[in-house]
Amino acid sequence: MKQIQLHDFNGGIHPNENKIQSTTLEILNANIPEKLILPIAQHIGAPSNPVVKPGDTVLKGQLIAQGEDFVSCNLHAPTSGTIGEISLQPVPHQSNMTATSIEIITDGKDKWLEHSGLENYLNAEPEQLIKLIQQAGITGLGGAGFPTHVKTSIPASKIDTVIINAAECEPYITSDDMLMREHSQEVIRGIEILCHILKPKQCLIGIENNKPQAIEALQQAIDKLESNAYHIQVASIPTKYPSGGEKQLIQILTGQEVPNGGLPADIGVLLQNVGTAHAIYQAIDKGEPLISRITTVTGDACQQPRNYRVLFGTQVKDLLAQANTNLSKVSRLVMGGPMMGITLQDTNTPVVKTTNCLIAASKHELPDPAQEQACIRCGMCTQACPAQLLPQQLYWFSKSSNLEQAKAHNIGDCIECGACSYVCPSNIPLVQYYRFAKGEIRQANADKLKSDGAKKRFDTRTARLEREQAEKDAKRKARSEAAAKKQAEKKAQEAANPTPAADSNTVAEIDIAALQKKLDATKLGIEKSKTKLAEAIASDSDKVEILQGALEKAQTKMKDLALKIAQAKKASKATPEATDPASETDPLIALKEKVLAAKTRMEKAQERLNMAKEQNLDTVDALQMGVDKQKAKLDAAQKTLEEASQ
Ligand code: SF4
Ligand code: SF4
């Protein structure tokens, strides 16, 4: 094994390891329980979207929830069975919250969906391999569950060094250790695939020196490689907590520090957990999605501590039962390690992609936290902090909800390792204060993002409405300008080419002239009829009645003609000076029109009066007077007409 120059990080502690208990037995496949509970958010990013419904039958490895966003992850059936409820179930979380989960009622057949891996990953392009990793639903198995396809999508040109995190520094946890001991070749194969994607100059496997068997197994697997093109090396590092922290391991192996607020890629490094490398091997070489993981089941209450390959969704109670756990002895049940893990309240909580350990601890083993005392400003927390923070200051800022100061003192760089709490002589649960403050900051950021988004939407809408109004105004202006231009052009054309062509006015004039001619003839006829009638009356002729009838007929015809002439003149917009032949020739017509107009006015006044009465308005009296006046006018007009007609 080539010696690699190692560096150290500030702080750190040496708690009791308690690893030996779970490494005496080989890894065992955990039983398939009667049901599995699979949360749709077992990763960082958007929850996956269920693609099955209750009653569906599924095969092992079948997709049951799709990660639709890029930062999301697919979820597959860990065994064959029938989909039960899709409902809220307890999930691993500090606050013992529930979340949407898919239930599978297992059928015990464990029947696989047909699948196959690549014959030779070397023939595949990196993009194809990343796609397969994405389809397999692989997340980082060592930390928070960041989707692996996202992490590996970083441009290869940016990465000089790939670091495989096999430190497993937290007490009790031995799942990576046992994986490396028993599946070292597969792990190295997965690392080779990762290197084929990222093309680093070197690949370092960082592993604490308290795992000699794993170190040896990995070295043997590397020695068997035909060509170690990417210089994969095992780097045995001193045992110190938390050497497995991302920034701490990078510092140990490269001597470089990840910049504040930056990413390992900023200094050319990409870090993956050793279990993730194994999952990559399974996905690419065997075509198997991520459906299970190795989980350490340990603690004083557990009579058979060991590592199990556990199907995701297996409830903690089933795993504890298989490990012959004396539940009456369990004082605290921890998922994860004693430093960074979470205390479970509900044994129905399922094992998920990030569950590396389950500690069924006795009271003696993990005693209840001692009474919190006042800070004595001893500074031990500062000495222990691997992130070079000032835990004591962060404690004050978190306790007083002074979030601005907490941020200014880089609380975001706190990896929640718990080293400060571990050394604090005043038993102050420092990490809990930091977690609370970080949660508050996250919420405040989310709220700000939300309000910024709302403001942005409002501004965008206002701008859109203003733009639309401006466009409408511009169109309206353009239309009116076009109409004016057209009108001007028409006038200019008419001026340039006066045409004698008959327009509507001319036609109307022709009609009026014809009517006038008829009217004149009728008038003449009436005069003659009157003369004849007078002679007949004088001679007491028996033709009086006939002549009388003819005269009346002629007079009616004359009135009609006069009316038509008046209407034709009106239609042809005759000039105001034009004389009204009807009124000129026969005042009866004008009187009739007056009667008609008076009648219309009176009807309208009556309508208004009726409405006022219906609505019980106080204008009724005034309107009644108006109606009376109109009625009087109508009566007067009718009387005048009658007199004129005689
Ligand atoms: S270790 Fe505890 S008591 Fe000492 S300074 Fe830090 S918070 Fe205060
Ligand atoms: S929990 Fe945070 S503040 Fe405390 S030692 Fe770890 S990194 Fe430092």
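View 1. K199 is partly exposed, with 14 other C-beta atoms within 10 Å; a residue is buried if 20 or more other C-beta atoms, placed from the backbone, lie within 10 Å of its own, exposed if 12 or fewer, and partly exposed in between. K199 belongs to the loop between α4 (184-198) and β10 (202-208); helices (H or I, at least four residues) and strands (E, at least two) are DSSP runs, numbered from the N terminus. The phi of K199, a residue other than glycine, is positive, near 50 degrees. Most residues other than glycine have a negative phi. Because the model is predicted, local features need pLDDT of at least 70 and side-chain atom pairs count only at pLDDT 80 or more, whereas totals for chains, interfaces and linings use all residues. Residues are numbered from 1 along each chain as its sequence is written, and chains are lettered from A and ligands numbered from 1 in the order in which they are written.

**View 2. Backbone at S401.** S401, although not a glycine, has a positive phi of about 55 degrees. S401 is placed in the loop between α10 (391-399) and α11 (403-408). S401 counts as exposed, with 12 C-beta neighbours inside 10 Å.

**View 3. Peptide bond between Y241 and P242.** The bond from Y241 to P242 is cis, its omega being near 0 degrees. P242 is found in the loop between β11 (232-237) and α6 (246-254).

**View 4. Shell around ligand 1.** Ligand 1 is surrounded by 14 residues (C-beta atom, placed from the backbone, within 6 Å), the closest being C375, C378, C381, C424 and S426. Two or more residues of this shell are given by each of α9 (380-384) and α10. The largest share, three residues, comes from α10.
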